[in-house]
Structures are given as structure tokens and as C-alpha cells.
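Here are a few exercises to work through with the model open beside you. Try each one before you read its solution.

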Amino acid sequence: MVLVATVLVAVVAVGAAWRPFVADAARDSLTILGASAASLDPAVQSDAGSAQVVAQVFESLTAIDTSLHVQPALAASWETQDGGKKVVFHLRSNLTFSNGAPLTASDVVSSWTRVLNPKAPSQLASLLDDVVGARAYREGKGQASAVGIKAVGSGEVEVALVSPAADFASIASSPTLAVVPSDIDSNPGVLEAGSFVGSGAYVVSGLTETETTLAANSHYWAGAPAIATIHLMSDIGGKSPVAEFEAGRLDYTPISLYDAAWIAYDPTLGPLLRIEPSPSVEYYGFNMTKAPFNNVHVRRAFATGIDWRRIVGLQSNPLESPATGMVPVGVAGHSTTDYGPKFDLTTAKSELAAAGFPNGTGFPKVTLTTTGAALDAAIVRQLHDNLGIDIGYQVMDWPTYNARLLSDPPAMWQMGWVADYPGANDFLGLLLGSGTTNNFGRWSSADFDSAIQGALAATDTTAMQSSFDKAQSIVADQVPVIPVDYGAGYSLAAKGLLGAIPNGQGLVRYAGLSWSSK
Amino acid sequence: MITSRRAVAHRGCAVFVSGLLGLLALAAPVSAASVSFGTPTATSAFAKGVAFTQPVSGASFTEADIVLTMPGDIGPSVVKIKNPGSPLKYTFDTSTGQIQPNTKVSARFQVVFADGTTQQGPEIKVTYVDDRFHWQTKIGTFVTLHWYEGDAAFAQQALTMGENGISKSARFLGVTETAPIDFFVYADQQSFYDALGPGTRENVGGEANTVTRTLFALIAPTDLGYARTVVPHELTHVVFDDGTTNPYHSPPRWLNEGLAVYLSEGFGSSDKSLVSQAAKSKTLMPLQALTGQFPTTADRFYLAYAESVSAVDYLIRKYGQAPFQKLVKSYRTGTSDDEAFTVAFGVDTAAVNKGWLADNGVTSSQTFGPQTAPAGPVPPGWTTSGGSHGGQSGQGSGEAGLLIAAVLALGGVVLLGVAAATHTRDRDAQPRL
């Protein structure tokens with residue numbers, strides 16, 4: 001999603017007036033600059049901006065905390081059985097939705113099954129690919145009744161897995177797998193402000209083009225959150241987020257690194273400057289089904305003919321570092337081995353010649369299509385200067401681009417991916433596994449798939465890491481994608497605001513926010 | 001899930017109206033099916049939007065897009081048309097200052113057929129203008145002046161200032177100017193701010209949009225004294241950008257602004273006083289703090305400008321003027337700040353900062369952030385080791401805080417090296433005269 005981009009160009013003066021930089025425990029509201037959700041439906045949303053909203057209003061069985069631990073949420077506990085091929089979630093007792101209606105295991109089953117709906121599968125449906133029968137159902141080759149997600153009474157959910165999947169409790173934390181009322185598809189009011197029914201800490205009480213208003217849910221399993229009302233602004237009319245923060249009209253806002261540079265030395269704002277960790281990777285990919293990128297020599301030429309690390313370094317964001325593989329730093333399964341692209345012009349020219357395009361001669365006209373990424377111009381220039389390739393370039397708005405990726409991927413494209421859960425497979429199997437919904441380039445490798453299965457079935461971390469490393473080495477050799485950089489961002493948080501810390505999915509849990517009494 | 005944190009900060013473009021409607025050759029159909037495109041139109045209203053229409057008839061199509069190209073773009077932007085009919089319609093919203101006046105835009109509609117093939121219509125070229133005024137125009141060698149208040153003598157003086165400013169900056173920086181620069185003079189502050197857009201900070205008296213090669217300045221006909229500063233200042237940005245533009249890296253803002261102030265008014269007594277006072281009170285910001293945006297508060301904002309010209313003055317006193325031409329040429333090739341400064345001055349940016357601070361009697365700078373966010377309330381049952389479970393543990397467990405710790409450590413160190421903003425829309429303060 002386009003969180004940062006959306007956030008940095010907007011602003012509208014809203015929110016309760018208050019004294020800037022003064023903590024006030026009596027305050028029961030908060031104004032945040034964020035993004036509006038493309039959809040409030042967990043099964044429809046697929047981007048980080050939407051997930052930030054959805055995660056507040058719909059709860060999952062587990063949650064990821066700010067230290068990247070898996071924590072109990074709607075599920076009080078869970079256990080693995082059958083050598084890891086079955087996971088049993090034990091729901092908390094007396095759970096209800098925000099309208100007081102009981103929330104039971106059958107709601108979990110229906111919520112997860114609709115993610116797989118073959119008529120309109122979630123873009124993140126592949127999160128459940130390890131569940132027995134899940135993939136066949138979403139591909140229209142199996143029945144819903146054959147999906148290995150079963151309710152046992154009202155308080156237990158049994159998940160049968162194709163093979164041992166050590167990360168399933170972590171996967172269950174994804175906002176995509178949050179629990180929704182079973183009538184969500186027949187009752188439009190469920191997702192509408194005023195009649196909203198959710199399972200999270202907040203409900204949507206207002207929704208305009210510029211603001212999503214969240215009200216505390218008194219039925220939340222952990223009790224009503226400390227802050228009663230949150231004004232989530234998605235548009236501030238082009239004003240500076242820093243200026244709006246200083247004026248007291250924003251309590252918590254992402255800011256650009258260009259502002260962070262001076263704020264670090266500012267005695268007033270500096271102490272309120274935060275680094276926002278983001279388990280994310282930016283990468284470029286190819287349409288593997290068509291020439292010329294169905295030729296591995298061409299892909300290798302692009303990987304080695306561009307000095308990716310230098311162009312990342314020259315972009316000047318100190319929080320972004322060149323990628324050493326698809327799995328970001330800090331995510332379990334990140335490797336100490338460097339699988340990132342390595343600039344080697346001799347190799348690049350040799351590969352290009354092997355593909356039949358010596359010095360770029362005869363290279364077909366292909367187009368790099370993105371939503372407008374910072375490295376695009378540098379890539380176009382380096383392909384021209386280093387390889388003699390003049391590549392076309394175009395920018396698309398996000399909805400058009402996303403639809404194009406899913407239906408007819410551009411020859412060369414760009415993507416940013418932040419963890420649905422902080423595990424390596426979210427960046428490997430989910431993005432590059434054969435037939436997965438987010439394998440935009442349509443790459444298929446039996447060796448890669450096998451390595452991923454080996455990692456998920458591993459019974460110790462050494463074996464798991466070894467298998468993930470093998471998968472990454474295959475990616476580095478076959479180049480279906482080129483990992484470019486890992487990122488993070490900056491924010492300003494008002495004095496006295498507690499808990500403004502992103503979790504292992506890059507999301508801030510609003511139920512964990514409060515105003516200090518000091 | 002999908003994220004897109006690296007959106008490009010380009011696009012200083014603007015909307016248009018001036019009917020430069022160029023109809024270029026039709027793109028050849030590539031599908032068995034085809035449509036007939038009529039004559040497209042484009043109408044624009046300042047601060048509202050630009051409406052494009054395209055009559056179309058013939059075969060049915062499944063999708064329609066508009067393909068827009070703005071100045072500075074390396075390729076077009078494709079926007080899907082909602083509910084396409086005939087004529088095809090699209091309005092580019094400019095109500096929140098997405099683009100500025102004098103942006104030249106080319107557009108053409110395209111249709112997509114069921115087999116995935118496309119057909120493009122004729123190109124429309126239009127320029128978005130600020131249609132609130134009756135603009136008069138005076139053309140010089142480098143600069144074309146646009147003004148709506150004041151007499152011909154005023155315009156001639158403003159134009160001469162522009163011409164002289166360009167010549168002086170180009171000579172100093174070793175840049176050869178060939179393309180024209182448009183210079184729009186506004187006589188009142190609100191109209192000027194409206195033209196620049198809602199993000200305009202207070203104290204801004206001029207702005208150079210280096211992408212559209214347009215200078216906007218607030219100059220009342222009775223206040224040409226101010227113009228003598230703001231005009232060469234802003235034009236220096238255009239020249240500097242022409243000399244350094246590359247797809248890889250933008251020079252630090254303190255250098256850009258410092259040169260603009262130096263070449264328009266020198267290192268004046270007021271700036272010297274601001275720097276001196278900040279040095280004494282230990283509130284001098286290091287040059288690393290001034291690589292991107294300048295501070296929002298007025299006192300720190302003015303100090304940022306003063307420090308910038310102070311640093312340029314320091315470099316000139318220590319190394320002379322000649323290395324600046326090397327510096328500009330080095331940036332043009334896509335070098336980092338350290339590489340460019342080493343080529344020009346024989347030292348990296350850290351050494352320049354250290355030398356400049358020492359020149360002002362300062363040995364170090366204090367950072368106040370970033371700081372770790374204080375923890376908030378945690379639900380009952382959440383433990384430091386993760387959730388309650390039997391059997392194998394999830395991947396998240398056992399990795400406590402590694403990501404956050406790694407990023408915080410990285411940020412704490414490298415914030416000092418944060419670099420420049422893209423100077424497509426440089427904003428400058430009112431002169432401190």
C-alpha cells in the first residue's frame with residue numbers, strides 16, 4: 001500500500017484542540033495521520049495502509065507484539081499436534097463481537113473460508129496454502145467442506161496442515177485472517193459506520209474521505225482500550241505533517257526523512273522523533289511467462305548490470321539499507337549469507353550476449369511499470385549506460401497497477417512487501433512459491449518449492465535456516481526477482497503518548513496506546 | 001502485505017489551460033478491433049482541475065485509460081478511467097496544489113480491448129496557467145517575465161534582475177544555460193500562496209520550480225528592493241539544478257540554499273549575527289541537519305539559511321571559488337556528497353562540517369532524537385516470551401526486538417548522514433533585509 005506516499009502529501013485540521021507537547025492523561029482522544037483503508041473487509045484488503053485500520057477493528061486469533069513475539073489474542077492458547085501437522089486454537093471464553101453477539105469457533109471457520117472463496121479469493125489467500133484442501137478450494141478444484149479448518153464445539157478451531165508448518169500460529173496473526181461476523185457478506189451494515197460490527201479494540205464510528213473515526217469497543221476481549229476516540233486522518237490538504245504536529249492538530253504522524261534530519265537536532269521536536277521499524281523489502285520482478293524475461297540470462301544481466309547497492313545508497317535514506325536477500329533484517333529466517341544482487345558488468349555483458357543481445361543489440365522494447373518508485377530513473381539510466389538497453393517506463397495509479405499485476409503482469413515491475421507475519425516464508429514462499437496469489441511474475445521452481453517445504457517442516461532452527469538459505473540461493477541464481485532494499489521510517493509522537501511502537505507487521509496496535517499520567 | 005514506501009517525490013508539475021492543443025499522429029491500432037477517436041479537448045480552472053474529453057466510437061472496449069506525461073517524468077502515468085463512455089472523460093484534480101501553474105502536460109486517451117491490445121488516441125498538449133490575472137509578458141535572453149501589476153518600467157527592471165541573476169550564477173557555477181525560464185511575479189501574498197499550493201510555509205517569498213523551469217516571486221511594484229534579492233536567489237536554484245541534475249542523488253539543501261543566498265546577497269551581517277548567536281548559545285545545527293527540509297519554526301528556519309550561507313562563505317574563504325564548478329560537475333555524474341566534495345575540495349562532508357563548526361568556535365553538536373517510544377498498556381496474559389502454546393514455537397518467538405534494535409541502532413548512527421531532498425520545488429524565505 002501506499003502508506004507513506006499517502007501520508008506525506010495530505011492533511012486537514014481536525015481533532016480536539018490541545019496544548020502541544022503537554023501530556024494530559026485526561027485526554028481520551030487522539031489524532032493520527034495515516035491512510036484510509038481501501039477496504040475494511042479483512043478478506044479484501046491487501047495493503048499495509050488498509051491493514052493498519054483493519055487490524056484495529058477486527059481481531060485475529062494471535063497477535064504479534066512489538067518484540068516480534070506471537071501473543072494470544074482471540075485465542076487464549078494453541079498447541080500443535082501430529083508432529084506439527086495439526087494446530088488447535090483454544091478461544092477465550094465468552095468472546096463477543098462489538099454488538100455483543102457471541103464470537104465462536106464457527107465464526108473463525110467462516111472468516112478463514114471466505115478468504116479462500118474461489119469466486120473472489122483474497123489477494124493474500126496463499127497465507128492458508130499449507131492448510132489441507134485450502135489451495136484446491138481457492139483454485140476451484142475442491143470443496144469448502146474439504147478445507148482443513150474445523151470448529152470443535154464453540155471454543156476450539158482445528159487446523160490440519162499439508163505438512164508441518166512451524167509458523168502457523170504466527171500466520172494466524174495476519175489481519176487478513178481476522179474474525180468477522182458470519183453475515184458480513186449478506187449484511188452491508190457490518191462494515192458501515194454507525195452499524196459497524198467488529199471483533200477488534202475499536203469500531204468504525206465515522207467515515208469520510210479524509211477521516212476514519214474509531215470508537216472504543218467495550219466488548220473487546222482485553223477490555224475497552226485506554227483511548228476512547230481515534231481520529232485517523234488520511235488527508236490533511238497538502239499541509240506539512242510536521243507543521244500540523246507542531247500546531248497540535250496531529251498527535252502521531254509519519255514524517256519524511258528530510259524532516260527527520262533537522263528534527264534530530266531540534267530541542268523541542270527531537271525528543272519526540274521516533275524510528276518506525278518496518279519488516280519490509282522492496283524488490284523488482286519480471287514477467288517470467290514472456291520474452292525476454294523468460295530467459296534466465298536476461299534476468300541475470302539485469303541483476304548484475306545495475307549497481308543496485310550504489311543506487312540505493314545514493315538515495316540517501318539512512319534507514320534504508322541494500323537488501324541482502326528477500327527476507328528483511330530482524331525477521332526470523334533472515335540469512336547471514338548475502339544473496340543480494342552484486343554488480344559485475346563483465347558477467348552482465350556476458351549473460352546478455354548469451355541471451356542473444358550482445359551489448360544490448362536487438363533487445364526488444366520492454367517497459368518498466370511501477371507506481372513511481374524512487375529508484376526507477378536510476379534503473380533506466382543504468383540499463384542504458386551499462387548494458388546499452390533503452391527500456392520503456394510508465395507509472396500507474398495503485399488500483400490499476402495492482403489489477404495489472406494480478407491479471408497480466410508488466411514485463412518488469414516493482415513491489416514493496418511488509419510482513420503479514422514476521423516469518424521468512426512470508427517473503428519467500430508467499431511471494432515466489434508456484435501458483436501463490438502474490439507470485440506476480442508467475443515464476444515456478446520445483447527446487448524452490450521443495451526448499452520452502454523443507455524449511456517449514458524443519459524441527460530445529462538450524463535446519464530451517466539451511467532450507468530457507470537454499471531457497472534464497474535459488475532465487476539469487478534464477479533471478480525471478482531482485483531484492484533491492486530494506487526500509488524503515490520516521491514519525492513524531494506527542495509527548496506523553498505511550499505505546500506508539502510498530503509491531504512485527506509494521507502496524508501500531510491502537511489498543512496499546514494511552515496518555516501518560518506524568 | 002503490500003507496501004510502497006518509496007514513492008517518488010517528483011512532479012512539480014502543474015495544470016494548464018492555455019490551449020496549446022497539439023494534435024499529434026494517432027498511434028497505430030494493434031488489435032483487430034479498433035475505434036475512431038474524435039478531437040480531444042482540455043479545459044482547466046485554476047485550483048480546481050483540468051478536464052480532458054475524448055470522443056470515441058466504433059468497437060467496444062473493456063477499459064479506458066488516460067496517459068499523462070508531465071515535465072521531468074521519465075515516462076508517462078497511466079490512470080484508469082472510471083465508467084468510460086463516449087466521450088471519454090477525465091479530470092486531473094488540482095484543488096490541493098498537486099501541480100503548479102505553468103506546467104506543460106501532454107495527454108492522450110487509450111482504450112483496451114478484450115484481447116488485451118490497446119489503441120491510443122491523439123495527443124493533447126496543454127499548459128496549466130493561473131487564470132485569475134491578465135498576465136503581461138516580456139521576453140529576455142534567458143528569462144520570460146510574466147506580471148499583472150506594475151508598469152513597463154517595473155517589468156523591465158524585474159527582467160533585468162533575472163537576466164543578470166542567471167548570468168552571475170551560471171558563471172560562478174560553470175553552467176551553460178540554454179533553455180528559457182519563466183518568471184511569474186505576484187503582487188499580493190494570498191494570490192502568491194494560492195499559486196504555490198497549500199503546503200507553502202509562512203515566510204516564503206519566492207519559489208523556483210526547477211522541473212518546470214518556473215520562478216514564482218512575491219514582488220509588489222513598490223518593493224523592487226526585495227526583488228533584487230529574491231530574483232537572483234531563486235534563479236540560482238534553477239541554474240544549480242541544471243548543473244547538478246542526475247537520476248541518482250540530489251545535493252544537500254544547505255549547499256543549494258547557501259549558494260543562492262551567497263550569490264544574491266552575500267554573507268550579510270544579519271546572517272553572521274544569527275550564526276554567531278547560535279554558536280554562543282550552542283544551538284548551531286550541523287550541516288547534516290540541513291540536508292533536506294529546513295525547520296518549520298521561524299527562528300530555526302532563518303538560522304538554517306544563515307548557516308547555509310555561512311558554510312558556503314567558509315568554503316570560499318578556505319578553498320576559493322573555483323572548486324564549486326568541479327563540485328557541480330561531479331554531482332552531475334551521480335556522485336554521493338562525500339565523493340563530490342572530495343573531488344572539489346579534497347575532503348568529505350564530515351570534514352567540511354567539522355571545519356565549518358570549528359570556524360564558528362564550535363566543536364560538537366547535540367542531538368535530541370530519535371528516542372525510543374515509551375511502552376503502552378499490554379493486554380493481560382501477554383508475556384515477554386510470547387504466547388501460551390504447546391508443541392513447536394512460532395517463528396516470531398525468540399527474535400525479541402531484533403528488528404527494532406537493529407533499526408534503532410542503524411538510525412542512531414546514520415541519521416547524521418541523511419542527505420538531500422529533491423529540489424524540484426525550492427522554497428525560500430522572505431529576504432532578511
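**Exercise 1.** Find the volume of the second largest pocket and the residues nearest its centre.

*Solution.* Start with the volume: about 900 Å³, the space filled by probe spheres set on grid points joined across faces, edges and corners. A pocket here is an open set of points on a 1 Å grid over the protein atoms alone, where a 1.4 Å probe fits, with protein on both sides within 12 Å along at least five of seven lines. Next, look at the lining (residues with an atom within 4 Å of a point): there are 34 residues, and Q394(A), M396(A), R404(A), D408(A) and T118(B) lie nearest the centre.

This is a predicted model, so local features need pLDDT of at least 70 and side-chain atom pairs pLDDT 80 or more, while totals for chains, interfaces and linings use all residues. Residues are numbered from 1 along each chain, chains are lettered from A, and side-chain values use heavy atoms, without hydrogens and water.

**Exercise 2.** Locate the salt bridge of D41(A) and decide: are its two partners buried or exposed?

*Solution.* First, the partner is R114(A), at 2.8 Å from N to O.

**Exercise 3.** How exposed are R317(B) and D359(B)?

*Solution.* These two form a salt bridge, with the closest N and O atoms 2.6 Å apart. R317(B) counts as exposed at 51% relative accessibility, whereas D359(B), at 37%, is partly exposed.

Terms used: A salt bridge is a side-chain nitrogen of Lys or Arg within 4 Å of a carboxyl oxygen of Asp or Glu. Buried means under 20% relative accessible area, exposed over 50%, partly exposed in between (1.4 Å probe, protein chains only).
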